[in-house]
Amino acid sequence: MLSKIKTTAAVAAVVSSFAVPASAELSGDLTIFLDTSNPAPRATMEAMIGRFGEKHPDLNIETTVIDREAYKTQIRNFLTANAPDVATWYAANRMRPYVEAGLFEDVSDLYAEPAMAEGLASTKGALTIDDKQWGVAYTYYQWGVYYRKDIFAELGLSEPTTWDEEKANCAKIVDSGRACYTIGTKYLWTAGGWFDYMNMRTNGFDFHMDLAAGKVAWTDERVKQTFMNWKELIDMGGFVADHQTYSWQEALPFMVKGEAAAYLMGNFAVAPLREAGLTDDQLDFYQFPMINPDVALSEDAPTDTFHIPANAKNKEAAREFLRFATSAEEQTIINNGKNLGQLPVNAGSSVDEDKFLQQGFKMLSTNSTGGVAQFWDRDAPAEMAKASMEGFQEFMVKPDELDKILAKLERARGRIYK
């Protein structure tokens, strides 16, 4: 899916009945490519771009929205052949190939500006390669276990904090005729989320990142223990059947209908669960429980980003847009519960009063001392992420073939990390 929206002075006049003074004299064309194709993120981005257009009435802004899965396959081509001025992407290793190929602009100069240096300090590391910054974050969000509080109440369950408590809860849920967890692994990355938590809780953050960097063998006994812990849930029938045929959205109805009690997912799942009819009296959230008491708790908190392609034509306007998008005011607006429903990256922004955002902010601020990961398919190189997530999905379907799957992943490691 691809669509274009033009934001001009005329459009801005419709959006706003009052003039907004320009903070910089910008003109010409500014092209922005977005992968925010789902309804709420798309509307949020378009509204923000509209506000930016109001501030710069002489700037013609053209926005192209591309379906997220299609965007992933197209980005290298459009960065090379006909680059926009601003493009959405992801932090950490997911941006590394484009940095190393010379396709992203070095924007370290923005981080030298006091306002951005102070406001964006928490996400600077995720945008840093070779001591330079290659983009800016515009949102991040917690992962964790979203669950049906009414089902827990019916079965007399409480939020687990240990692995034994998690398994005991799951056993009671299965005995009630439900699955413990819904999941759709059709596009693989959801299985990557489960692997992140199983491995970080079993072996710790540093080990997890070393595995992502190719420094640990997939046949290592510590990696095998991660899968054996995961297998305990699979063997008891903890997951919905045929999950490999569902996308993450297609797996939502199992939870909505009460056929599954929980979903390990990012906070972006809250809006569609609410839209499907679940109330906040039925929905709640808990941090993925401890497995190994000797490792500190680590979390997935993926960071979505804006970048300026190296081949951009209007880099002055692009830099001004990055300043605008990461300002404390805009961060508060775009991340509130009515828009992205996520967490602002600017330290001067306010976190929405939405209960899930408050829970996520508290968890990431006070109870993730082990570290914060970007997500498996962002922390591992793309080729290894693809091969391993295919392995995760296969394992969830055929857990008894673990040794064969790990051997295959080890061969991939030898090929990819040369």
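Helices H10 (residues 189–203) and H12 (residues 221–235) pack at an angle of about 120 degrees, and their axes lie 9 Å apart. Axes are lines fitted to C-alpha atoms, for helices over the stretch in contact, and angles run from 0 to 180 degrees between N-to-C directions. Helices (H or I, at least four residues) and strands (E, at least two) are DSSP runs, numbered from the N terminus. From H10, the contact (heavy atoms within 4.5 Å) involves Ala-191, Trp-194, Phe-195, Met-198, Asn-199, Thr-202 and Asn-203. H12 contributes Arg-222, Val-223, Gln-225, Thr-226, Phe-227, Asn-229, Trp-230 and Leu-233.

The model is predicted; local features need pLDDT of at least 70, side-chain atom pairs count only at pLDDT 80 or more, and totals for chains, interfaces and linings use all residues. Residues are numbered from 1 along each chain as its sequence is written, and side-chain values use heavy atoms, with hydrogens and water left out.

Four strands form an open sheet in the order E9-E10-E8-E11, with mixed pairing. Two strands pair if DSSP finds at least two bridges between them. E9 (179–181) and E11 (283–286) are the edge strands; each has a single partner strand, so one side of each lacks a neighbour in the sheet. From one strand to the next, the twist averages 25 degrees. E8 (residues 143–148) pairs with E11 in the antiparallel sense over four bridges. Tyr-147 has Asp-284 in E11 as its bridge partner.

Helices also lie across these strands. H10 lies across E8, E9 and E10 (260–266), running at about 90 degrees to E10. H17 (residues 355–366) lies across E8 and E11, and runs at about 5 degrees to E11.
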